[in-house]
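Hi everyone, thanks for coming. Let me put the structure on the screen, and then we can walk through a few parts of it together.

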Amino acid sequence: MPATSSLPAVVPRPRPLLLRTSPPRRGQPPTTRCRASAAPGGAPRGHPVAASPLDATVAKRGGIREYVEAAREMARRKDGGPARWFTPLECGGAGGRVHGAPTMLYLPDPAENINKRFGNLIGVLDKVILSHCYNGEIGIDGVGLGLIRHHERLAKMFELWCLHIPVEDRTPFEGLVEYVERTVKSETSRAPDRPVYLVGESIGACIALAVAARNPDIDLVLILVNPGTAFQKSQLQLLSGFLDLVPEPFHLTTPQLLNFLTGNFMKMPSTFVGHGLSLGDAGQTLSEITSSLLHSLMFLVDILPKESIVWKLKMLRTASSYVNSRLHAVKAQTLVVASGNDELLPSREEAERLRSTLEKCRTRHFRDSGHKILMEPELDLATTIKGAGYYRRSWKTDFVSDYLPPNPDELAKVIDRDRILHFLTNPVMLSTLPDGKIVRGLAGLPKQGPAVLVGYHMLLGFELGPLVTGVLNNYGIHIRGLAHPFMFDKNTEQLMPHSAHFDAYRIMGAVPVTGTNFYKLLAEKQFVLLYPGGAREALHRKGEDYKLFWPEQSEFVRMASRFGATIIPFGAVGEDDICDLLLDYDDLMKLPFYDILDKMINKDGPKLRTDSTGELKNQEMHPIVAAPKLPGRFYFIFGKPIETRGREKELRDKEKAQNLYLHVKSEVESCINYLKEKREEDPYRSILPRLLYQATHGPNAEIPTFEP
């Protein structure tokens with residue numbers, strides 16, 4: 001057995017390690033295609049230089065096949081340590097990386113380094129498994145390649161480094177913590193104004209928590225994936241004790257260990273069916289895999305000795321105990337990514353425990369995912385970080401400057417989220433040209449910002465999805481919404497159907513409604529969506545359809561004029577064509593015990609306009625009860641643009657600004673009244689004639705409406 005590796009006392013800037021090269025001799029730097037030291041041409045230290053044409057081998061998002069090939073290459077090296085950092089080749093160039101990108105350190109699960117030896121077995125099963133097993137259930141993680149599916153996207157947001165712990169390395173848990181800690185301190189010294197991200201999987205999550213507990217004053221963001229802190233409640237706790245009693249080679253016949261090595265076989269048939277195989281073919285494929293696995297058990301005895309497995313499980317027990325006794329000291333911003341179908345750890349329950357224990361912790365649950373969630377297609381780690389509002393490049397989240405626009409996949413998912421609503425309501429969009437003519441389409445919108453879209457907030461904000469995605473798809477304008485702080489509050493997530501309920505809004509660019517954020521968006525010449533009526537309109541009472549609840553005094557006119565922004569009043573109608581309001585806030589308050597829920601929602605939640613009077617002060621957040629009806633249609637109209645460019649001095653006068661404010665409000669009311677009147681002329685207002693039209697002209701045909 002190799003001796004325990006001693007880690008270097010001084011941790012240099014992380015060095016990229018070539019995954020396809022022979023291991024370097026001790027004391028010599030590894031041969032790489034990416035150099036971390038100063039490079040010819042002025043490449044800064046720590047940024048890989050331009051790579052050779054061979055670096056294009058990973059041109060698309062990696063998957064299980066790429067993962068297995070790279071892990072198998074690593075497994076050929078006889079390397080007893082120590083642990084070291086590498087940067088994936090596809091993360092090499094900094095050309096596509098955002099300015100001021102923070103450092104992300106990936107900490108794999110060293111307890112699963114035994115699985116890397118299983119990569120040799122993949123050669124036996126390659127033809128059977130890899131042709132079908134896209135979802136990554138074959139568990140061979142722990143070599144630092146766990147983010148292979150996410151490298152390309154994360155590399156645009158972070159300076160990504162991964163920790164490689166050789167198979168035969170016996171560095172104890174505390175030694176790994178100290179090694180990562182020194183790297184974190186080095187990165188903090190290099191860029192003191194940026195956070196350091198630690199992405200830890202299983203034991204890697206324990207390492208991240210330990211580093212955070214030991215360094216509460218360092219700005220860290222922890223991304224914990226199925227954390228190993230739940231070891232005492234897991235199957236692995238039972239397996240650890242059982243292995244002490246079982247002689248070799250029978251230790252490999254335990255169901256928990258087979259599950260540890262191969263993932264959840266019972267989940268595979270449904271996975272195969274989902275990728276184009278019939279149920280019969282999926283069953284046959286599973287049978288072939290199982291037969292091949294059983295045939296190879298004797299081979300596993302040689303490459304997975306009992307001693308190695310027992311040592312790794314003891315490390316997991318040590319890591320869990322070490323961290324659980326120090327959770328009170330963790331002050332870092334934390335996001336727990338938990339699988340609902342984890343075969344090894346009770347990850348969902350553990351995520352909720354950590355959320356209630358840690359001060360700055362949020363959770364994201366993936367109900368159908370297994371233990372190897374990072375290798376499954378359901379998870380996009382970059383999107384999850386953005387959606388949770390956890391991406392930042394300085395000491396505090398700046399929702400404007402830190403924002404990254406949605407990529408095509410993210411936009412497609414947001415559109416798909418509202419696909420049913422879009423199908424049921426088939427929105428009609430109208431706009432007003434500068435000469436006052438109303439046309440179908442968005443030709444009346446200005447082509448450049450800054451601009452402020454001011455309008456009416458439908459019940460529950462039904463109009464948001466069709467409005468934002470419709471304008472982006474049809475006109476190429478990305479609208480940034482000023483949203484209620486309720487949507488950004490940690491405690492709010494626990495009241496929603498799922499913790500990621502508001503993630504789509506953040507991905508599409510919503511920011512908390514504050515004067516500072518409004519100022520920054522206009523300074524960047526953005527199109528800003530503003531609802532002066534706010535939550536009071538979106539959660540209105542019975543009989544208040546299409547009634548504006550705007551403040552008496554101007555809130556946005558002078559800010560808009562300061563940047564010469566164009567103000568675009570708009571109206572939206574259709575909420576009364578899709579549902580009837582059964583119970584509003586007044587009705588709910590009459591129900592027994594509802595006051596308890598009301599206090600839970602509003603007592604400690606963020607509040608707006610606390611100095612207002614009358615209806616505007618009633619900004620309580622609350623559910624409503626509505627009954628669906630045969631769907632009608634949504635209608636939007638953007639009124640004639642109102643220019644403020646050149647009127648800044650004029651609108652400094654409060655009276656003139658107030659007059660313009662009242663004019664904008666009147667225009668919004670006119671837009672609503674116009675749509676309510678004209679929709680009566682639409683022969684396709686109801687869904688039934690629309691379905692008939694699509695059956696005749698095709699599902700993608702534009703359905704007519706009234707003449708503007």
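Let's start with strand β3, residues 159-164: six of its six residues are buried, so the strand is largely enclosed by the rest of the structure. Strands here, like helices, are DSSP runs numbered from the N terminus, with at least two residues of type E for a strand and at least four of type H or I for a helix. Buried means under 20% relative accessible area, exposed means over 50%, and partly exposed is in between, with a 1.4 Å probe and protein chains only.

Before I go on, a word on the model: it is predicted, local features need pLDDT of at least 70, side-chain atom pairs count only at pLDDT 80 or more, and totals for chains, interfaces and linings use all residues. Residues are numbered from 1 along each chain as its sequence is written, and side-chain values use heavy atoms, with hydrogens and water left out.

Back to β3. Both of its faces are covered, with E159, W161 and L163 buried on one side and L160, C162 and H164 buried on the other.

Now a helix. In α25, residues 687-697, the buried residues are I687, R690, Y693 and Q694. Seen down the helix axis, they fall within an arc of 120°, so they line one face of α25; that arc is taken over the directions from the axis to the C-beta atoms. What do they pack against? The answer is α15, residues 419-425, where contact means heavy atoms within 4.5 Å. Turned away from that buried side is a face with the exposed residues L688, L692, A695 and T696. Just after α25 comes G698, with a positive phi of about 105°.

Next, S339, which is found in strand β6, residues 333-339. Is S339 buried or exposed? It is buried, at 1% relative accessibility. A polar atom of its side chain lies 2.6 Å from the backbone oxygen of G370. Leaving aside neighbours within four places in sequence, the contacts of S339 include N226, F366 and I373.

Last topic: charges. Side chains of opposite charge can pair when their charged atoms come close. How many salt bridges does the structure hold? There are 33, each one a side-chain nitrogen of Lys or Arg within 4 Å of a carboxyl oxygen of Asp or Glu.

Take R190 and E187, whose side chains meet at 2.9 Å, N to O. They are three residues apart in helix α4, residues 173-190, and so separated by about one helical turn. R190 is partly exposed at 37%, while E187 is buried at 2%.

In the salt bridge of R536 with E544, the closest N and O atoms are 3.0 Å apart. R536 is buried at 2% relative accessibility, and E544 is buried too, at 13%.

For R652 and E648 that N and O separation is 3.5 Å; here R652 is exposed at 53% and E648 partly exposed at 29%.

Finally, have a look at R362, R364, E493, D503 and R506, which are linked in a network of salt bridges.

Conventions
A polar contact is a pair of N or O atoms within 3.5 Å; within protein, one must be able to donate a hydrogen and the other to accept it, and residues adjacent in sequence count only if both atoms are side-chain atoms.
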